[in-house]
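Here is a short report on selected contacts and local features. The sequence and structure come first.

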Amino acid sequence: MSDYTETDVLVVGSGIAGLAAGLAAARAGADVTIATKATRPEGASSWWAQGGIAVARDDPAQFKQDILTASDGTADPEAVDVLVENANDAVEDVLLETLDVEFDEAGEEFDFGREAAHSADRILHVDAATGRAIHVPFLNHLDAHDDVEVLDDTAALELIRHEGRVHGAVLEADGDFEPHYAGATVLATGGIGDLYPRSTNPAGSTGDGIAMAALAGADVTDMEYVQFHPTVYAGSEAGNASNRNGEAVAADDGSFLVSEAVRGEGALLRNGDGERFMPDYHADAELAPRDVVARAVATEREATGDVRLDVSPLDFAAEFPGLAQRCEDHGVDWAEGIPVAPAEHYLCGGVTVDDRGRTTLDRLYAVGECARTGVHGANRLASTSLLEGLVWGLRAGRAAAGNDVAVIEAPELLERDPDLPANFAREKFRRLRRVMDEYVGLERDTDDLGRAMAVLRRLKGEVDAYTRTRTARSLYELRSAAVTALLVARQAAENEQSVGCHHLATDEGSPARADD
């Protein structure tokens, strides 16, 4: 056999979920390799998280109820119990005691914030850059750990599996690829933002872990529940682009996320006529669940031409200095209101896992946004993504340690076709994004979903024809995106009920929930 590498636990991805899994596995005595195609630190989704991380404080029962309500009653109560019952301890252990994250304080106490659909102040935050404040010290801590190796700019192309068991993955770096065998493999590859023209995700969010797991035979569920964040600075409509090698990257179109915490502090949404409109859509107005607010913003933009976030009710520059500076850097006069529009933000579904991150394949785990734990159901409650990644990452990392490494025959990845058409990946990505934006976006139609699947099947076939004979990261990212997009469209077509993020068009076209 050609060159290969072995490790006890292989973690694919370097957001908070992957780092937590690596930490827990190392604490359990395992040698850990964290392979991430990101370049540090901005390449991981966790780095971009703004609002904060929710904790149970002294009322886990109410926290649970808020999660269930935001999910439109679709979250798994047992999974939610795992989250809320472990929230305080996980944050205390890792973020406070191990990493010494300095969350914002009010006097001698933490300055707990509130965001949409939360009934209490329970969100720890660092200005509007909480992800960055957590992610950087977490990476530094693991870099210094004797039992952890972090491989930057390294992509997983294919899982190594045999008879229902996963034995690692084929990794690629600088154009070279080789098998990396592991006693257990943890997928923590983040979201699917590159499938849409406008997304809050960083570049490279192509659904790699979901696609690899699905192609290996793992169960994947709730893919139709794609959450759109309602308040992203509109910027230009340029959307995503690709770099010179064809890999998916986010274009610098001037757009940026305006944290939900801003609405939590009193900011109001106004349409192009200057009218505050959210009270007409939901009793909780600007603090309604994200799916409701996103559809309302889209409706008002279409009807009046504009929606702005009015930050005049708060001292914006003092309370959110980072965001205020971001506005100034982009030439936005926030005193006149910040123009906002929905953008793809978070996938609530993914690879099906249990309470320890175990998938339906032996020794394969999934955590973070690529996993479907059941916590979010059809719609995620704000500031629960970092918490879910932390809690499930720790549980999966502990469970993944202690397995022997078995070296088996790895998939043969070929390099026989040097004549890949110029801009092949770039053009296919553009086609995929157009389809997803038009047919599988904020609002869906049954006939349109059928059209999307037809186009995506043809696109996947075209990509497969090249990946059979050529190994390149851009092709495998495109394959992952095509597989994941097809899963989203297919599961959306199979779900005939409008619920949460999956909203089917009606004659009335109401963006509100049926029971509101």
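The side chain of D66 makes a polar contact with the side chain of R122 at 2.8 Å. A polar contact is a pair of N or O atoms within 3.5 Å; within protein, one must be able to donate a hydrogen and the other to accept it, and residues adjacent in sequence count only if both atoms are side-chain atoms. D66 also forms a salt bridge with R122, with the closest N and O atoms 2.8 Å apart. The pair links distant parts of the chain: D66 is in helix 3, R122 is in the loop between strand 5 (109-110) and strand 6 (123-124), and 56 residues separate them. A salt bridge here is a side-chain nitrogen of Lys or Arg within 4 Å of a carboxyl oxygen of Asp or Glu.

Helix 3, which holds D66, covers residues 60-70. Helices (H or I, at least four residues) and strands (E, at least two) are DSSP runs, numbered from the N terminus. D66 is buried because its relative accessible area is 5%. Buried means under 20% relative accessible area, exposed over 50%, and partly exposed in between (1.4 Å probe, protein chains only). Both D66 and R122 are buried.

## Basis of the model

The model is predicted: local features need pLDDT of at least 70, side-chain atom pairs count only at pLDDT 80 or more, and totals for chains, interfaces and linings use all residues. Residues are numbered from 1 along each chain as its sequence is written, and side-chain values use heavy atoms, with hydrogens and water left out.

## Other salt bridges

The salt bridge count comes to 26. One of them joins the side chains of D153 and R473, at 2.9 Å from N to O. D153 lies in the loop between strand 7 (148-151) and strand 8 (155-162) and R473 in helix 14 (residues 473-494), so the pair ties together parts that are 320 residues apart in sequence. D153 counts as partly exposed, at 32% relative accessibility. R473 is buried, with a relative accessible area of 13%.

R270 forms a salt bridge with D310, and their closest N and O atoms are 2.9 Å apart. R270 lies in strand 15 and D310 in strand 16 (residues 307-310), so this pair ties together parts that are 40 residues apart in sequence. R270 is partly exposed at 27% relative accessibility, while D310 is buried at 15%. Salt bridges that share partners also join K37, D208 and E477 into one network.

## T206 and K37

K37 has a further partner. A polar contact of 3.0 Å joins its side chain to that of T206. T206 is found in the loop between strand 10 (176-187) and helix 6 (208-216). Is T206 buried or exposed? T206 is buried, with a relative accessible area of 1%.

## A negative surface patch

D100, E102, E105, E108 and E109 gather in a patch of negative charge on the surface. Patches are made of residues with over 30% relative accessible area and no salt bridge; like charges are joined within 9 Å, and nonpolar side chains (Val, Leu, Ile, Met, Phe, Trp, Tyr) within 5 Å. Asp and Glu count as negative and Lys and Arg as positive, with His and the chain ends not counted.

E105 is exposed, with a relative accessible area of 52%.

## Positive phi values

Most residues other than glycine have a negative phi. Which way does D222 go, positive or negative? Phi of D222 is positive, near 60°. D222 lies in the loop between strand 11 (220-221) and strand 12 (226-233). D222 is buried, with a relative accessible area of 16%.

A285 also has a positive phi, near 50°. A285 sits in the loop between strand 15 (268-271) and helix 8 (290-304). A285 is buried, at 8% relative accessible area.

## Distant in sequence

The C-alpha atoms of R395 and A24 are separated by 7.5 Å, with the residues 371 apart along the chain. R395 lies in helix 11 (residues 385-400). R395 is buried, with a relative accessible area of 13%.

For T74 and G500, 426 residues apart along the chain, the C-alpha separation is 8.5 Å. T74 lies in the loop between helix 3 and helix 4 (77-98). T74 counts as partly exposed, at 31% relative accessibility.

Conventions:
Accessible areas come from the Shrake-Rupley method with a 1.4 Å probe; for residues, only the protein chains shown count as cover. The place of a charge is taken as NZ of Lys, CZ of Arg, CG of Asp or CD of Glu.
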